Amino acid sequence: MPINLDDPKRFRPLREQVHQVAMNMLRPISRKYDRAEHEYPKELDMLAAMADGLEQSGTSEGAGAAGVRRTDDGSTGNRNGSNLASVMTVAEMCWGDVGLLLSMPRQGLGNSAIASVADDEQQERFKGTWASMAITEPAFGSDSAQVSTTAVKDGDHYVLNGEKIFVTSGERSDAVVVWATLDKSLGRAAIKSFVVPKGTPGLKVERLEQKLGIRASDTAVITFTDCRVPAENLLGSPEVDTKQGFAGAMATFDNTRPIVASMAIGCARAALDLTRDLLEKAGVVVDYDRPAVTQSAAAAKLLQLESDWEGAYLLMLQAAWMADNQKPNSLEASMAKAKAGRVGSDVTLSCVELCSTVGYEEHELLEKWARDSKILDIFEGTQQIQQLIVARRVLGITSAELR
Amino acid sequence: MSLLNNLKGGGRHGVPSAESRDPIGYLVAGLNRLAQSDLLDRVGLRKQAEQAVFTTTSSGFKVVAAAGRRFKRAGTSGKPGARVPGASGDGLFDLTPTEEEQMLVDVVTDFATELLRPAAAAADDACSTPEEVLSSSLEIGLPILGVPESLGGIAETRSAVAGTLVAEALAHGDLGLAVSVLAPGAVATALALWGSDEQQQTYLPAFTEPSEKGVPAASLALAEPAVLFDVLAPRTTAVRRASGYVLNGTKALVARGSDAELFVVGAQLDGRPVLFLVESSTPGLAVEGDPAMGVRAAGLTTLTLTDVELAEGSVLGETDGSTYAECVRFSRLAWCALALGTAQAVLDYVTPYVKERQAFGEPIAHRQAVAFMVADIAIELQAMRLVTYKAASLVARGKDATREIALARKLCADKGMKIGLDGVQLLGGHGFVKEHPVERWYRDLRAIGIMEGAVLV
């Protein structure tokens, strides 16, 4: 079949359903939980139950974390599978509200990690668990090899000690996937991830952050003090393989980066859709055939924003399509996240400017989207980290050469 | 009036009209006049400058259009022409080209690497395309890519994706030469898409079964010299007569205008933009060199139409503006494809350069300020490519791609130019001199978003 970059036909009905959910469930409570930071969005419980039901009935291709696992069913030929379905549905949910999507029960980033690296027994054992992800510490962000939370083997347990920050859904989740080092002197290879259920003695949610955006999502500081975790909760191999290094843990990111890109895509489209509507009511309509320079500055700006958005959107689809087709996609995943992250900020901030006072007031959601979008150019690898990854790959140079 | 104009400072030489001269200004202007005078040369005070060739100067050279061949009328007037169907699809997202497309791209890539790139610098300088490049482009079938099999071409379905991939591969060799070799195909494709049976039978055989005269040079002339030029509102006019039409106006940046034997010209008829087929032997056509910042190898010219009388059957497609608008879109899509090839050339050139070039004891690629520029070139180029391919795949399947082509054009104009700019910057001073091709790519990439016509997929 020839090249076709149109939205995959088979996922359009699914996306339309999710669009209805986003419009009718998330939007009405979007401002409410932006104002009531740290209040639990109870409306999401029903939505999560619905999503679980869809998943069990097999009608869903995974509307979130579940959809990032690579499966090889041996089929040849072109596949449009769960990765494409995930980015399309997550984008649609984030058209509704990014903070609420991040607060969806059982759809945490920890679930992505479990889906990506857990063995079959662990998959089964942690089924239905809402897992958050704890990587960042006070002393490091992007440089995730600097993990200083320790895990010491003691009989059939590991004992964890350390402090984690920026844990999304850290308070609401059922368990935390924690990155800790078995031996700091061995560097990246000694970093392992552990599933720590809430209620485990020594795990304490210290406080919740107050944030610029995605305020519906709780962001926690969690400490681990002599926290004993069963050895079978270690995800992946317990061996310290210095040759393999970081690859295992980092593989999660190849899967989650297109998802974060899709969040930026959805949020930016919300801003574009509303701005186009408001500008039309103000008498500004984009003419796709006339040169931008012969149209009003507002129309020309909207054209530029939409063209950038379209580029980011297709980079996102490309990364997901490659994952669906078993093609290595870490370069494309980083390209998608880099482009979507910066386009998300440019679009949402420019839409506030285009709609001027109406854009800045809280009557509309434009100012909120401009706050929500910023995090999407930061978490799961900042803009600069993506540029590093892309640059190393394109130039064929190592992380020692380009630091 | 002319005296007043002479005394005024502004309005010429890039000086805004409102500028005025003060006494010192008059003195300097007088000295300059003397310095330019032949007198100095005649008395041997200055080395004689070489005579500039026709194409590198736009002043004072005008010729009638190429004599051209006689196209023998054939076919049935009023009968619709043959059309290829749109490509089919299974509705799946897919980035893989078909086997035929890939084979075509491989052939064209070889052609671009072995012929276009080595010829590019000299062609840019000479403002023309070497004969061997033109003849080789015919051998690989470029002009008939968009012509249906039933009319002797190679298209089984709408060939927009193949055309896009081919234009991209050619521009990786050189954008100006790509425009030159694609120009006849643009007219042939237009005939295939919109021509009546009579028009197809009259003109297409010259492209599909070339005589000893070879495939005719042909040119799609849509652009005009105007500030804030809007291609959808051409100033060239067509007036209906008892039998036929009379055209008046000026087309700008017409590729290969001096050797084209057949033009497709855009003109306003009854307030709507319409395409006309104009043979170069028609009285009233004049061609003048119109060299520009870039795309120079394409032999850009101005085409002036003065009371050009055309026969009844010379309108190509509809007169309601729909054919014209479609033609503009498909042409813009081709320019996007050209941008991809040139931007990829930039990336492929700067990548080894920044790894070899040393500064402060290590390759400059080891610096984030440099490496991130390269990363952004790669990211934006791939975004340009995907948006362009999406538009092309919609066109190939016969779907409306107005929005997608507009987005591709905007993205390719903005990011393509940024890539050209950064390409020069990454080479520093070396990027500014003609020893390296990045300065040419910088000039060529400025064409995207400005050029209309010339190429078409």
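Q: Is B:Leu253 buried or exposed, going by the other C-beta atoms within 10 Å?
A: This is a predicted model, in which local features need pLDDT of at least 70 and side-chain atom pairs count only at pLDDT 80 or more, while totals for chains, interfaces and linings use all residues. Residues are numbered from 1 along each chain as its sequence is written, with chains lettered from A and ligands numbered from 1 in the order in which they are written. A residue is buried if 20 or more other C-beta atoms, placed from the backbone, lie within 10 Å of its own, exposed if 12 or fewer, and partly exposed in between. B:Leu253 has 26 such atoms, so this residue is buried.

Q: What is the phi of B:Leu253?
A: B:Leu253 lies in strand E4 (residues 245–254) of chain B; helices (H or I, at least four residues) and strands (E, at least two) are DSSP runs numbered from the N terminus. Although B:Leu253 is not a glycine, its phi is positive, at about 50°.

Q: Where is A:Ile214, which has a positive phi although it is not a glycine, found?
A: The phi of A:Ile214 is about 35°. With 29 other C-beta atoms within 10 Å, A:Ile214 is buried. Its place is in chain A, in the loop between strand E6 (203–208) and strand E7 (219–230).

Q: How are H4(B) and H6(B) oriented to each other, roughly parallel or roughly antiparallel?
A: Helix H4 (residues 99–126) and helix H6 (residues 160–173) of chain B pack with their axes 7 Å apart, at an angle of about 25°. Axes are lines fitted to C-alpha atoms, for helices over the stretch in contact, and angles run from 0 to 180 degrees between N-to-C directions. Angles under 35 degrees count as roughly parallel, over 145 as roughly antiparallel, 65 to 115 as roughly perpendicular and the rest as oblique. H4(B) and H6(B) are therefore roughly parallel.

Q: Which element gives the most to the side of chain A that touches chain B?
A: Two residues are in contact if their C-beta atoms, placed from the backbone, lie within 7 Å. The contact takes 43 residues from chain A and 44 residues from chain B. Helix H8 (297–324), helix H9 (330–354) and helix H12 (383–395) of chain A are the elements giving two or more residues to the chain A side. With 13 residues, the one that gives the most is H8(A).

Q: How far apart in space are A:Asp45 and A:Pro105, C-alpha to C-alpha?
A: A:Asp45 sits in helix H2 (residues 43–57) of chain A and counts as exposed, with 12 C-beta neighbours inside 10 Å. A:Asp45 and A:Pro105 are 60 residues apart in sequence, and their C-alpha to C-alpha distance is 6.9 Å.
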